[in-house]
Amino acid sequence: MAEKKRAVKRAPKPAAVEQPAPSPQKAGECADRSCPVHGEVRPHGRVLSGTVVGAKMHRTVTVVRMRRHFIPKYERYSKRRTKLLVHNPDCLNAQVGDVVKIMETRPLSKTKHFVVIGKMVST
Ligand SMILES: [Zn+2]
């Protein structure tokens with residue numbers, strides 16, 4: 001006698017992550033395959049923010065994030081910083097000094113697995 005297969009109820013898929021609106025001046029012109037809006041890359045995971053401190057590479061910026069590190073002996077915090085290499089799509093074109101919103105994505109290169117999804121403060 002064959003046992004009845006129980007129907008497995010799956011939780012509904014979470015709603016797609018809201019994509020940033022393309023910037024008006026270059027909408028439709030973006031040929032960047034790794035662009036989160038016009039390309040094939042689908043950002044997911046952590047959403048962070050940081051300041052752009054380097055923009056000399058092609059479609060890549062260096063983003064610095066400051067954090068506090070607690071030192072129990074002195075009961076005070078010291079400043080620590082994390083540098084991330086972040087993909088900078090043509091349509092956003094973040095420059096040094098910009099405060100940007102970044103989101104985790106699949107590895108785009110050996111050291112790059114974040115992409116700029118918006119500017120919070122533009123210089
Ligand atoms: Zn784009």
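Trainee: Which residue is the bridge partner of H87 in β5?

Mentor: That is V115. Keep in mind that this is a predicted model.

Trainee: How many bridges join β3 to β5, and do they run parallel or antiparallel?

Mentor: Two bridges join them, and the strands run parallel. Strand β5 covers residues 112-121.

Trainee: And what about β2 and β3?

Mentor: Strand β2, residues 60-71, pairs with β3, residues 76-87, in the antiparallel sense over twelve bridges. V61, for instance, has V86 in β3 as its bridge partner.

Trainee: What sits between those two strands?

Mentor: Four residues lie between the strands of that hairpin. In the hairpin, E75 takes a positive phi near 50°.

Trainee: Where does β4 go, then?

Mentor: Strand β4, residues 99-104, pairs with β1, residues 47-57. Their pairing is antiparallel, over five bridges. L48 stands opposite I102 in β4.

Trainee: What do the strands make together, and in which order?

Mentor: Five strands close into a barrel, in the order β1-β2-β3-β5-β4, with mixed pairing. From one strand to the next, the twist averages 50°.

Trainee: New topic. Is S122 buried or exposed?

Mentor: S122 is exposed, because 11 other C-beta atoms lie within 10 Å and the cut-off for exposed is 12 or fewer. S122 lies in the segment after β5.

Trainee: How far apart are S122 and A94?

Mentor: They are 28 residues apart in sequence and 8.0 Å apart in space, C-alpha to C-alpha.

Key:
Residues numbered from 1 in each chain as written. Predicted model: local features only at pLDDT ≥ 70, side-chain atom pairs only at ≥ 80, totals over all residues. Pairing = 2+ DSSP bridges. Axes fitted to C-alpha atoms, helices over the stretch in contact; angles between N-to-C directions. Buried ≥ 20, exposed ≤ 12 C-beta atoms within 10 Å, placed from the backbone.
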